[in-house]
Amino acid sequence: MTDASTTTRVDAWLWAIRVYKTRSAATTACRAGHVRVNGERAKAAQPVRPGDELRVRIQGFDRILVVKKTIAKRVGAALVAESVDDRTPPPPSKESMPFVPVRDRGAGRPTKRDRREIEKLRGRDSD
């Protein structure tokens with residue numbers, strides 16, 4: 001049997017440490033497969049224990065969190081820092097990210113000349 005004080009639902013824990021704004025958002029992320037506990041997809045009711053590693057996909061990037069202490073209710077920021085070990089690598093710099101050309105919204109369909117310039121930028125010359 002698991003002791004209630006040493007385990008907490010993964011969605012409740014993610015909400016309590018302020019990864020998600022609401023518990024229902026955390027539950028939705030679990031259902032969508034954005035939360036992994038120790039490398040396995042997690043359901044919302046899966047228990048987490050101290051020492052578990054969580055990978056949470058938010059806005060296209062993974063956050064790597066290690067459970068230090070299980071909490072089920074929202075607490076102050078100081079207690080949140082004691083409950084989680086954030087091992088997320090820093091985001092890549094803007095210089096290292098590839099440039100993606102963006103057309104202005106409402107500019108309409110690209111002309112033949114525009115399309116050729118776009119293909120040239122992408123490195124797909126038709127010549």
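## A glycine to start with

Which residue just after α2 takes a positive phi? Glycine 33 does, with a phi of about 85°. Helices and strands here are DSSP runs numbered from the N terminus, where a helix is H or I with at least four residues and a strand is E with at least two.

Before we go on, a quick word on the model. It is a predicted one, where local features need pLDDT of at least 70, side-chain atom pairs count only at pLDDT 80 or more, and totals for chains, interfaces and linings use all residues. Residues are numbered from 1 along each chain as its sequence is written, and side-chain values use heavy atoms, with hydrogens and water left out.

## The sheet

Let's look at the strands. Five of them make an open sheet, in the order β3-β2-β5-β6-β7, with antiparallel pairing. Two strands count as a pair if DSSP finds at least two bridges between them. At the edges sit β3 (40-41) and β7 (84-86), each of which pairs on one side only.

Now zoom in on β5. Six bridges tie β5 (residues 53-58) to β6 (residues 61-67), and these two strands run antiparallel.

Contact means heavy atoms within 4.5 Å. Leaving aside neighbours within four places in sequence, the contacts of leucine 54 include Val10, Trp13, Leu14, Val35, Val48, Ile64 and Val67.

Leucine 54 also belongs to the largest nonpolar core, which has 22 residues. A nonpolar core is a set of buried Ala, Val, Leu, Ile, Met, Phe, Trp, Tyr and Cys residues joined through side-chain atoms within 4.5 Å. The members that touch the most other members are Val10, Trp13, Leu14, Val35 and Leu54. At least two residues of this core come from each of α1, α2, β2, β5 and β6, and α1 gives the most, with four. In soluble globular proteins, nonpolar side chains tend to be buried together.

## One side of helix α2

Which residues of α2 (residues 23-32) are buried? Ala26, Thr27, Ala29 and Cys30 are. Buried means under 20% relative accessible area, exposed means over 50%, and partly exposed is in between (1.4 Å probe, protein chains only). These four cover an arc of only 160° around the axis, so they lie on the same side of α2. That arc is taken from the directions from the helix axis to the C-beta atoms. An α-helix has 3.6 residues a turn, so residues three or four places apart point the same way. Among the elements covering the buried residues of α2 are α1 (10-16) and β2 (35-37).

## Serine 83, tucked away

Serine 83 is part of helix α3 (residues 77-83). Is this serine buried or exposed? Serine 83 is buried, at 1% relative accessibility. Its side chain reaches the backbone oxygen of leucine 79 at 2.8 Å. That is a polar contact: a pair of N or O atoms within 3.5 Å where, within protein, one must be able to donate a hydrogen and the other to accept it, and residues adjacent in sequence count only if both atoms are side-chain atoms. Not counting residues up to four places away in sequence, serine 83 touches Trp13, Val66, Val67, Lys68, Lys69 and Ile71.

## Charged pairs

Side chains of opposite charge can pair when their charged atoms come close. A salt bridge is a side-chain nitrogen of Lys or Arg within 4 Å of a carboxyl oxygen of Asp or Glu, and the count here is eight. In one of them, aspartate 85 and arginine 87 have their closest N and O atoms 3.0 Å apart. Aspartate 85 is partly exposed at 24%, and so is arginine 87 at 49%. Elsewhere, salt bridges that share partners join Arg9, Asp11 and Arg23 into one network.

Arginine 9 is partly exposed at 36%, whereas aspartate 11 is buried at 1%.
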